[in-house]
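Here is a short briefing on charges, salt bridges and backbone features. Please keep the sequence and the model open while you read.

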Amino acid sequence: MNPQTFDVRKVPLSKISMVDASAGTGKTYSIALLVIRLILEKDMDIRTILVLTFTKAATREIQGRIQAFLQELHNCCEYPKKINDSPLHACLPRDPEQRREAQRQIARALLFIDEAPIYTIHGFCQKMLSTHPFETGNLFSPVVLEDSAELHTRFINVWWRKCMAHSKPRHLHLLAPHILHREKLSPLVSAILAGKEIDPPKEVDKEIDPPKEVDIERALTEKEEALSRCEEERQKLCNDEAALEELRAVLIEERAKKRAKFIETLLQVLETHCTPKDLIKEIFTQAGDVRKDIARRENLMETELISTLISLRNKEKECKADSDKQCLCAAQHLAWIMAQAAAHDIRQYKREHSLLEFDDLIFHLHRVVCDESPRGRAAAEAISRDYNALFIDEFQDTDQRQFEILNALFGEKPCFYIGDPKQSIYGWRGADLDTYFMVRREKIDALYSMKECFRSTPNLVSSFNTFFGATDSFFEHPELSYTEVEGKNDTPWDTPPLTVYTGGAKRDEIIALSADRITQFLIEHREVSLEKCAVLVRAHREAADIKAALARRGVPAVTIDDSSLFATKAAEDLQGVLEALVSGEDRQFRRALISPLCGFSAQDIAAMPAETYEEHLRRFRLFAQIWEEHGLAAALTALISEYALRERVFVYSSLEQGERFFADLMHLMDCLVFETVKNGLTVEEQLLFLQRQIGKETSQKRRVENDSNSLQIVTIHKSKGLTYDHVFCPFLNASEKKKPSPLTLVKTDRGYRFIDFDQDQAYLKKEALQENRRLIYVAMTRARFSCTLCIGKKVKDGTVNLAEGALKECVENVQDNSAIQIIPLDVQDITDVRYTAPEEILPGTKRELKHRENLRSQRDVSSFSALSNMHGLPPEGLDERAGSAYDEWIFTRRGGALLGNFLHDIFETIDFTAPAREDILQCGKKHPLVFTPEDMPRYEELCRHTLGAGRPGEKTGFSLGEIPRQDTLREMEFYFSLESRSDFSRIGEVMHRHFGYDFTPRREHMPGFIKGFIDLIFEYAGQYYILDWKSNSLGRELFLYENTSLEQAMCDSNYHFQYALYTLALKRYMESRGIDFLRRFGGVYYLFLRGVREGTSTGVYYAPPKKVLSVVDELEKFFG
C-alpha cells in the first residue's frame, strides 16, 4: 500500500489508519488535534477516546497538549475575533449556532479532561484487569511490582544452588564458558514468566527434572577420547626420522625455486631442533605465521609430516567444535531446567501474595480477550464497550501480543497507529518491528506519511535528506526506507548544519578529537546555551570517557542516564566507612581510611605514627557515637567536615569526578535517612540495608550532579523523544562487539527458540546491523540547528567499524554537497584550547529573571514566591560588622532556601511552651546539609530568642512561648482561582495605593490557580493571628531589624501582598466554620528570625487588623 500525504485536517476519522511519522513531524500535536476532531465532528465523549503510549511522561505530554488545545478553542468561542487559519482553529465551525454547540462539546471535554483514558500500555492493561475483575478472572486488589529483579534473583539463586552446588568440578569447568554466571538466567526466566512460547533445547524433556549429569559426562568423555587419539598419532609421527628428512629435502628444493623468509625460518629450525617433536612444537606454537606460508606451496603440503600435522590439526578442531556444541546443548539444557523451576516457584509466590509484574498485566489480559470462548468474547465486549476510538503512539515499539489485545478489542472501531519504524531501537525491551510491518501489510484501511518536520531547520533537514538518501537502503531492511521530509522550523542558523569530522585510528584519539571539536564549537558560538546541547553516545562507558575529556578542557557537562545509585563507587566507599563505624575492627578501619571519604593511601597509613593513627581511630569512635545518638546524617556530616571531603574531592579528582562522587554520596545519605525514618532502622539495620543494595540495578537512579548550565551527555536510547539545539555524536560509527549469550532467544514463526551458533550467526549480525542504522538515525535527528559527527577511520579495542558500511557510503556520496562539511582530521590537529564559561546567571538577578521569561504555561498553579519579582533578593552595601557570639553566628549563617526550610521545620515541629532538644535533632537529621551537631546550642538559643520575643503594638503583651500546641494551626494550605491575566494590573494598582510600591509578578501569570501555605495561625485571648517565619538576611547589625528597616524589607520583598493572601484564606476558613472573622481577627506577624531577640521586639513586624483588612477588602474580588 502506497502512503498518502498526511493532512491532520482532512484525514478520515472512521478508518483503521497507520501514520508513518518521521522524527520531529509532530506526532503529539497530530494526536491531540485528531482527538479534538473526534470530539467536535463525531460528538465523542473524551472519556471514550483511548490514547496509548509507552512512557508516563508521554501520557502527561499528550494530556497537557489536548487540554491546552481545548482551552484555546474555548477562548476562541468566547472571542471569535481570535480565530485564525491554523489547523487547530479550523476545527471550529464558522456558523455561530454551530460554534455554540462546539463550545458545549469543548466545555464538556474540559470538565472531564482528568478522566481522559490516556495510559501507557501496561497502565491500560492494569486498569482493565481491575475494572473488570469478574470478566477477566483477575485478583481484586493485586500489588503491581515496580521492580521484580530482587524476587527473580531470590528464586534463581535457590535453583542455582540445587543444580550447581553438587556438580562435579570437571562438569563446572565444561559449563563455565556458557552459564557460569547466574545473572544470565534472569532474561530467560523473565521470558518464561511473560508467557513467551519457547521451544526447549534439543533433546530436552519439557518436564522439570534434575540435571542429567550423564549427558555432561558423555560429552566430556568423548572429547577426551578424541584428543587422546590425536595425541597418539602425533607421538607416532615424532619418532619418524624419514619424514623429517623428506621435509628438509623439499625445503631445499623450494628454496632453489624461489627464496622465501619462511623457508629460511624452517631450515633454521631444522638445524637447531634435532627431533620432529621439536619441529612440530615450533610450527604450531612459536611460528604461527609460517603455517600460512606453507599452505601456498603444494610440494610442502604433500610431505608426510606436514600433511599429517594438518590432518591432526583439523581433527582436533572438529573434536573441539563437536565438544563445544555438546557443551552448549548441556548448558542450555541445565539453564532451561533451572529457569523453568524458578519461573514455576515465582508464579506460585506471586499467586499466594497477590503480586503482579508488568509482563503479567499483558499476559493475563491477552489470555482473556484473545480467547475465542464465550467468556473471552464477553470480556472483550465488556472492555471495548467503554471506548469509541483508539490512538497508539510510538506504535513501532508494540510487540505482537500487545497488538493482538488491541486488535481483539478495537478491530472494528476507528484506530490510528502512529509511529516511526526508523526509530525502533528498543528490541532488547521487546519491541517487535515485524509486528509493525505485518499490521501495515494486512490490518489497515489507509496508510499515511507525515512529511513536514517542525523540529529542525530547513537546512538541517535538507542535509539529512541528502545524507540518508545517499544509499539505496540505509536501514538494511526490505520494507524500511528513508522518506524525504520538509523542514518547517524557520529559526535562522548560519553555519553549516551538518559537519562530519573523519579521523582517529584509536579510541583515545577519537575521544580527544571529539572533545576538541566540541570545545572549539562552544567557543566559536558563545551565544549557545550549554544545557540545550547534547553529546549522544551508545554506552555509559563512552559517556564517562567523553565527559572526562571535556572536563580537561573546562567544559561543564553532566551525564543523564538511568544507572543505579547503589552500583556506584560512592556506594562501595560508603559501605566500607559504615562497616568500620559499626564493627570497630582494625582491618575495616584501615579500609575506611584509604577510601576517598578520608583520603589516605596505603603508604600514608604504613608511615603514619602510632599517635596519629590512634587519633583517627578516636575520631571514628566519636562518629559512631554521633550516628548512634543523632543519626547517620549527623555522623556523615561530621566526617565530611573533619576530613575536608568537599575540598579534597575537587583537588585530587577532576572537577566532574568530584561533583559526581559528592552528588552520589549525598544521594546515598538521603536514601539511608529516608529508610531509617520510614522503617525505624537501627544502626546495624541501616548498614545491612546498604549491603543488600550494593551493586544492584535498583529503581533508585542517580541524580544529576550539577544542575547549572552544563552540556548534556546522554545515551541514544535515553535521548529518544528529546530535542537539542546542537547535537554531537562522537562514537556513531562504532558499537560494542558482544558475543551473544548461549541463552539468547531467537524469534521463529511459532515463538522463540534457543540460539544455534551454526545457523544464527548471519541472522544476529543482520539484526545488530539494522538496529545500529536505526540508532544512527535517532541520534542525528535529535538536532534542531546543527549536528556534528566524529567518525573514526578505524576503530579498535573490541569495536565494530560501521564506517565501512552505511556511514562510509553516505560520507563518500555527499563529498560535494555544500550543505554538509566533510573535514578530515589527524591527531596533530588536536589543540589545548580551554573553554571558559560566559557570565554566570545568578539566582535573583535581572538576568535570571529575564532567563525565566520563556518558562510559561497556558494554565498553571502558581504561588506567592513564583509571582513576587523581589522575593529573596539580598540587600546590597550592608555593614559587615557583627556583635555578640550569637550575632556572629546567626548573621553569618548561610544556606539560603535550605536554611529557611530547616528553620520552618523546627517551628512546625516543636511545642512552643516546652521546646524539646530531641525535636530539633530530628529536624536536623532531615536537613544534613545545614545542620551539624556542633551548632545544636545555637539553634536552642535561636528558639529561646524566638519564643521569648516581645510583640510590638500589643497592649497586653505576650510571647509565643505562652501558646500551647492545641491553639495553633501550622502549614495550612489554600487555593485561589484566578481567571483573568488582566487582574494583576489591577492588583498592582491596589498595592501601589496602599503601600506606595509597584507590584509586578515575576512571570506573566496565565489563568489558573494560586496556592500557598500559611506558616502559623494561632489563637490568643480569643483573637486569631497569622505568623510567618522569615530567614532573610537584612544585614549584620541588630538595628537593621528594627521598625524602619522591617517596613522597607516588607515592601522590597512584596510581603504585604503575601499576608493579604494569607488573611483572605484565613477569612474564608473562619467564615466556613461560623466564626466572626472581623471581630476576632488580631492581625499579622512577620518574624525575621536573624534579628529576633528575647524580651525585645527587634525582628518582629506587626500589621494590625485595620491595615490588613483595608487591603483584603479590595483584593478579595479578584480571587475565586
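Is E318 buried or exposed? E318 is exposed, because its relative accessible area is 53%. Here, buried means under 20% relative accessible area, exposed means over 50%, and partly exposed lies in between (1.4 Å probe, protein chains only).

This is a predicted model: local features need pLDDT of at least 70, side-chain atom pairs count only at pLDDT 80 or more, and totals for chains, interfaces and linings use all residues. Residues are numbered from 1 along each chain as its sequence is written, and side-chain values use heavy atoms, with hydrogens and water left out.

**Negative surface patch**

- E222, E225, E318 and D322 form a patch of negative charge on the surface.
- Patch residues have over 30% relative accessible area and no salt bridge; like charges are joined within 9 Å, and nonpolar side chains (Val, Leu, Ile, Met, Phe, Trp, Tyr) within 5 Å.
- Asp and Glu count as negative, Lys and Arg as positive; His and the chain ends are not counted.
- A charge is placed at NZ of Lys, CZ of Arg, CG of Asp or CD of Glu.
- Accessible areas come from the Shrake-Rupley method with a 1.4 Å probe; for residues, only the protein chains shown count as cover.
- Helix 9 (213-238) and helix 15 (304-352) each supply at least two residues of this patch.
- E318 sits in helix 15.
- Helices (H or I, at least four residues) and strands (E, at least two) are DSSP runs, numbered from the N terminus.

**Salt bridges**

- The whole structure holds 44 salt bridges. Each is a side-chain nitrogen of Lys or Arg within 4 Å of a carboxyl oxygen of Asp or Glu.
- R1093 pairs with D887 in a salt bridge, with the closest N and O atoms 2.6 Å apart. R1093 lies in the loop between strand 28 (1081-1088) and strand 29 (1100-1103) and D887 in helix 36, so the bridge ties together parts 206 residues apart in sequence.
- R1093 is buried, at 8% relative accessible area. D887 is buried too, at 11%.
- Helix 36 spans residues 885-892.
- E476 bridges to R773, with the closest N and O atoms 3.3 Å apart. This pair links distant parts of the chain, 297 residues apart: E476 is in the loop between helix 20 and strand 12, and R773 is in helix 32 (residues 757-780).
- R773 counts as buried because its relative accessibility is 6%.
- E1071 bridges to K1067 at 3.0 Å between the closest N and O atoms. Both lie in helix 42 (residues 1055-1072), 4 residues apart, about one turn of the helix.
- E1071 is partly exposed at 43%, whereas K1067 is buried at 11%.

**Positive phi**

- Most residues other than glycine have a negative phi.
- S354 is not a glycine, yet its phi is positive, about 55 degrees. S354 is in the loop between helix 15 and strand 7 (355-356), and is partly exposed at 26%.
- E476 also has a positive phi of about 55 degrees without being a glycine. Its loop runs between helix 20 (458-468) and strand 12 (486-487). E476 is partly exposed at 35%.

**Cysteines**

- A whole-structure search finds 0 disulfides; a disulfide is a pair of cysteine sulfur atoms within 2.5 Å.
- C415 is buried at 0% relative accessibility, and C1051 is buried at 14%.
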